[in-house]
Amino acid sequence: TVDSYLNAIDLIAALPQDHPLHPQIAQRLETWSGRILDLAEQSFQAGQLEAAIAVARRIPGNTAAALMVTQRVGQWQQIWKEGEAIYQGVTALLTQLKFQEAFTQATQLLNLNNTYWKTSRYEQLIQTITAARTDLDNLGKAKRLAGQRTLAAVQEALGIAQAVDQKSPVYGEAQKIIQDLSQELLAMARTALEAKNGSA
């Protein structure tokens with residue numbers, strides 16, 4: 001663990017410079033510092049950017065690994081920034097219902113040098129795109145049903161539109177359809193009431 005490596009480094013750092021085992025001590029110090037940087041890289045690959053940076057910055061300053069920290073942290077931050085930009089771009093395309101463009105942009109995550117963005121975040125976006133496409137298809141079905149202008153069809157169409165999740169990119173579209181269908185049901189009820197009153 002990071003703490004165990006740092007504890008070991010503290011122990012040997014306390015030894016005097018003229019210690020007979022100084023060459024081995026220096027070698028161990030470099031090895032353990034390198035392993036701390038490797039653990040920081042693992043955190044970064046797992047999607048824990050801030051934790052990775054915090055670990056990397058704990059590496060003793062008098063080691064070769066410490067010289068790499070600024071560069072490595074800069075790379076991590078750049079990769080993260082690119083991942084977030086792609087993710088936000090895909091989200092924006094989804095709100096415009098541009099599914100093909102959203103999918104194409106989502107595949108750019110696969111080019112990032114980060115396991116988290118290439119797997120977890122990519123899969124999350126693909127699931128969102130797939131679900132949004134299904135929701136849009138269902139709304140199309142709801143519109144076709146509503147076109148039949150029967151009470152049963154309009155009620156079924158309303159149920160389909162109400163099933164769209166609030167987090168879906170097509171939720172706004174579903175709300176418009178729900179509003180239209182509600183108006184349609186009110187009109188049907190009014191017509192039925194007028195017909196009943198007319199025949200009374």
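1. Before looking at the helices here, a quick definition: an axis is a line fitted to C-alpha atoms, for a helix over the stretch in contact, and the angle between two axes is taken between their N-to-C directions, from 0 to 180 degrees. Keep in mind that this is a predicted model.

2. Now have a look at H6 (residues 115–146) and H7 (residues 151–162). These two helices pack with their axes 8 Å apart, at an angle of about 165°. Angles over 145 degrees count as roughly antiparallel, so that is the label for H6 and H7. Their crossing is left-handed.

3. Which residues of H6 and H7 meet? On the H6 side you'll find Asn138, Leu139, Lys141, Ala142, Leu145 and Ala146. Facing them from H7 are Ala153, Val154, Glu156, Ala157, Ile160 and Ala161. Sort the residues of this contact by type and you get 9 nonpolar, 1 polar and 2 charged.

4. Staying with H6, pick out Lys118, which sits in that helix. Is Lys118 buried, exposed or partly exposed? Its relative accessible area is 31%, and buried means under 20% while exposed means over 50%, so Lys118 is partly exposed.

5. What does Lys118 touch? Setting aside neighbours within four places in sequence, Lys118 is in contact with Leu109, Leu110 and Leu112. Also check Gln45: it is 73 residues from Lys118 along the chain, yet their C-alpha atoms are separated by 9.6 Å.

6. Finally, jump to helix H2 (residues 22–45), where Glu41 lies. The Glu41 side chain makes a polar contact with the side chain of Arg72, at 3.1 Å. Not counting residues up to four places away in sequence, Glu41 touches Arg72 and Trp76.

Terms used:
Residues are numbered from 1 along each chain as its sequence is written. This is a predicted model: local features need pLDDT of at least 70, side-chain atom pairs count only at pLDDT 80 or more; totals for chains, interfaces and linings use all residues. Side-chain values use heavy atoms; hydrogens and water are left out. Helices (H or I, at least four residues) and strands (E, at least two) are DSSP runs, numbered from the N terminus. Angles under 35 degrees count as roughly parallel, over 145 as roughly antiparallel, 65 to 115 as roughly perpendicular and the rest as oblique. A crossing is left-handed if the near helix is turned anticlockwise from the far one by less than a right angle, and right-handed if clockwise. Contact means heavy atoms within 4.5 Å. Ala, Val, Leu, Ile, Met, Phe, Trp, Tyr, Cys and Pro count as nonpolar, Asp, Glu, Lys and Arg as charged, and the others, Gly among them, as polar. A polar contact is a pair of N or O atoms within 3.5 Å; within protein, one must be able to donate a hydrogen and the other to accept it, and residues adjacent in sequence count only if both atoms are side-chain atoms. Buried means under 20% relative accessible area, exposed over 50%, partly exposed in between (1.4 Å probe, protein chains only).
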